Amino acid sequence: MKEIVEFRINEDFAHRLFADNEGTKLGIVRKIVISVGDPRFGRIGELQKEVTAATGHAFFYGNRTLYRYSESEFADAPCFQLIIGATFEPPGELCGTKYDESTACLQCGAGAAQASDLRLDLRKVPKGKEIATTIADEIIVSQRLAERMTDAGLTGFELRPVRHKARYEDDPLDLHQAPTGREILRKAETAGSPHPTGKFWVWLNRAENRVLLEQARAEYAAVKTEANRRKGTRMPVWYQLVVTANTAEIVAPTRVGINPFDDDPKGECRCPLGDLIGLNLLSEVSISVASRGEADIVCSRQFIGTRHVVGPQAGLLRPRRVILISPKFREFLESEKIKGVVIEVAHLV
Ligand SMILES: [Zn+2]
């Protein structure tokens, strides 16, 4: 097995270690893929400290470890980790999916139970993919893949319906096209705040008029959906992939931390209760034999990632469980030529 790491190096400082023509320039960052055995590998970690101390900026922002295997290493492995590469937003929560946050860990926020069918904006699913995940670890599979998984007799999962967020919920609302919309226009006129004056919007957003506005919005979406159905345009069918058991126990020597040079010694990204074990996996994963079970797909008990970030994704990310699959499941994915997944060897100890 060969271990390589893909970094997103800050372009402003890339020249400190790399030639100008090395890697792939992606605007403010440069993608550099480097073997862990490369003499410069350790220097990346040193530069991260030096550059941050001197300038307050990072030398690298993102990183992920990739493993290259020989055919026999793959053939002999008893278990694999399945990583879904195709990620999209918005997450279900922004499309009307309900979560019961009272079931989440009080310390780290991981593990809130989903309390409704998954609702997504299916227009945002990456094109050409048959399996994808939102930034909140909501995994979906296409109709074709769902059929093939079922036909292949794979075990350990359920497929649940995914509802498409009404296509027109985000569109600018045409009040003339909904009965309640027309009622709003009349009332606004009577109230001395006729459409489309500035006063109209203030009036419409008053608490007592919100119900009318929501009603008009729903009617408008229904009118549009119906018109679309008549035209014969339909969203492709997707299913939520729900793994039945979350019992696989991640054990040593699995390495989890912030980046290849920072194992998070202070435990800033770990939950003291032991459910969230860190921000990123930094090695192949090891699972205790006793917790593996028989199913072709199983999830870890523990979570990786974070619930708490600042910025535009604040509160929207959800820590993910590690997904483990059997050799049968891996062969299935390969024979079906499923794109957008990464398969790593996992160890049973
Ligand atoms: Zn926790």
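A residue counts as buried at under 20% relative accessible area, as exposed at over 50% and as partly exposed in between (1.4 Å probe, protein chains only). By this rule, 44% of the 349 residues of the protein chain are buried. The model is a predicted one, in which local features need pLDDT of at least 70 and side-chain atom pairs count only at pLDDT 80 or more, while totals for chains, interfaces and linings use all residues. Residues are numbered from 1 along each chain as its sequence is written, and side-chain values use heavy atoms, with hydrogens and water left out.

The protein chain holds eight helices and 20 strands. These elements are DSSP runs numbered from the N terminus, with helices (H or I) of at least four residues and strands (E) of at least two. Along the principal axes, the C-alpha atoms fill a box of roughly 75 × 55 × 40 Å.

Cysteine 108 lies in the loop between strands S7 (99-100) and S8 (113-114), and cysteine 271 in the loop between strands S15 (256-257) and S16 (280-281), so the pair ties together parts that are 163 residues apart in sequence. Cysteine 108 is buried, at 5% relative accessibility. Cysteine 271 is buried as well, at 7%.

Alanine 132 lies in strand S10 (residues 131-134). Its relative accessible area is 0%, so alanine 132 counts as buried. Between alanine 132 and cysteine 108 there are 24 residues in sequence and 25 Å in space, C-alpha to C-alpha.

Aromatic pairs number 10 in the whole structure. Rings of Phe, Tyr and Trp (its six-membered ring) pair if their centres lie within 6.5 Å; planes under 30 degrees apart are stacked, over 60 edge-to-face, and the rest tilted. Phenylalanine 7 and phenylalanine 60 make an edge-to-face pair, with 4.9 Å between centres and 70 degrees between planes. Phenylalanine 7 is in strand S1 (residues 2-10) and phenylalanine 60 in strand S4 (residues 60-68), so this pair ties together parts 53 residues apart in sequence. Both residues are buried. Tyrosine 69 and phenylalanine 74 are stacked, at 5.1 Å centre to centre and 25 degrees between the planes. Tyrosine 69 and phenylalanine 74 are also buried. One aromatic cluster is formed by Phe7, Phe41, Phe60 and Phe261.

Charges also sit over rings, meaning that NZ of Lys or CZ of Arg is within 6 Å of the ring centre and within 35 degrees of the ring normal. The charged end of arginine 330 is over the ring of phenylalanine 74, 4.5 Å from its centre. Arginine 318 lies over the face of tyrosine 99, at 3.7 Å from the ring centre.

The structure has one cavity of 30 Å³ or more. On a 1 Å grid over the protein atoms alone, a cavity is a set of points where a 1.4 Å probe fits but cannot get out; a pocket is an open set with protein on both sides within 12 Å along at least five of seven lines; lining residues have an atom within 4 Å of a point. The largest cavity contains about 40 Å³ of space. Its lining includes Leu82, Ile131 and Met149. Helix H8 (327-335) and helix H3 (143-151) each give at least two lining residues. H8 gives the largest share, three residues.

The second largest pocket has a volume of about 570 Å³. Its lining has 24 residues, with Ala112, Gln114, Asp137, Gln240 and Arg321 nearest the centre.

Two backbone features remain. Most residues other than glycine have a negative phi, and most peptide bonds are trans. The bond from glutamate 89 to proline 90 is cis, with omega near 0 degrees. The bond from alanine 252 to proline 253 is cis too, with omega near 5 degrees. Aspartate 137 has a positive phi, near 65 degrees. Aspartate 137 is partly exposed, at 28% relative accessible area. Lysine 337 also has a positive phi, of about 55 degrees, and is exposed at 67% relative accessibility.

Conventions: Points joined across faces, edges and corners; volume = space filled by probe spheres on them.
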